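Thank you all for coming.

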Amino acid sequence: MKQQIVTPARSLTTETEDKLNKQIVMEGTSSAAYLSMASWCETKGYETSAQFLYKHSEEERMHMLKLIHYVNTAGGHAIQPEVTGIKHTFTSLREVFETVLHHELEVTKSINSIVDHCFQIKDFATFNFLQWYVMEQREEETLARRAVELFDLIGEEGVGLWMIDQEIGKLEAFAAKVG
Ligand code: OFO
């Protein structure tokens, strides 16, 4: 009897699909968290920081969508993430940007671990797809770190907080330069 050869219908493994779905949750959480921070900043009169964070919330949503399309077109099923536990109030503008930095460092760790996994199992298509996220994290970490540094550089007394808020708006151009 002729032996039937069963070929898998896709290269994406279930394990990689699960990891990418977890990353989709992380990007969705980033988008929601930054939206919440933007809203808080707007209520406190930190206009430039609010605009910066609204824009970043949109970018995180785009990161999430990019992953969703990748998983689905690779034969998997991307799951719309449940996003819960978003913080709505903050004690200070400094706390907002320290939280952003901490969060971005966690996202970098997560991306790196999926990249490592893909390399180990020789899923070079996903490995290659994720390089965009590797570089994006590099830029986002720089942005967040520079934002936190402004608090010590300028100082929060007097018009300090107003100046910090203004400077936050200039960070995007700086991060693009150092990429
Ligand atoms: Fe999605 O780049 Fe930051 O979190």
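Let me begin with a definition: a residue is called buried under 20% relative accessible area, exposed over 50%, and partly exposed in between, with a 1.4 Å probe and protein chains only. What we are looking at is a predicted model, in which local features need pLDDT of at least 70 and side-chain atom pairs count only at pLDDT 80 or more, while totals for chains, interfaces and linings use all residues. Residues are numbered from 1 along each chain as its sequence is written, and side-chain values use heavy atoms, with hydrogens and water left out.

Let us take the inside to start with. A nonpolar core here is a set of buried Ala, Val, Leu, Ile, Met, Phe, Trp, Tyr and Cys residues joined through side-chain atoms within 4.5 Å. The largest such core has 26 residues, and Leu53, Phe97 and Ile168 are the ones that touch the most other members. Two or more residues come from each of α1 (14-44), α2 (47-73), α3 (93-120), α4 and α5, where helices are DSSP runs of H or I with at least four residues, numbered from the N terminus. A second, separate core has 17 residues, among them Leu12, Ile68, Ile111 and Leu130.

Which residues does phenylalanine 97 contact, once its neighbours within four places in sequence are left aside? They are Ser49, Phe52, Leu53, Ala147, Val148, Phe151 and Ile168, contact meaning heavy atoms within 4.5 Å.

Now to the charged pairs. The model holds 10 salt bridges, each being a side-chain nitrogen of Lys or Arg within 4 Å of a carboxyl oxygen of Asp or Glu. In one of them, glutamate 149 pairs with arginine 146, with the closest N and O atoms 2.5 Å apart; both residues lie in helix α4, 3 residues apart, or about one turn. Glutamate 149 is partly exposed, because its relative accessible area is 31%, and arginine 146 is likewise partly exposed, at 32%. Another bridge joins arginine 145 to glutamate 141 at 3.2 Å, N to O, and here arginine 145 is partly exposed at 33%, whereas glutamate 141 counts as buried at 15%.

Finally, look at valine 159, which sits in the loop between α4 (124-154) and α5 (160-168). Valine 159 is exposed, since its relative accessible area is 56%.
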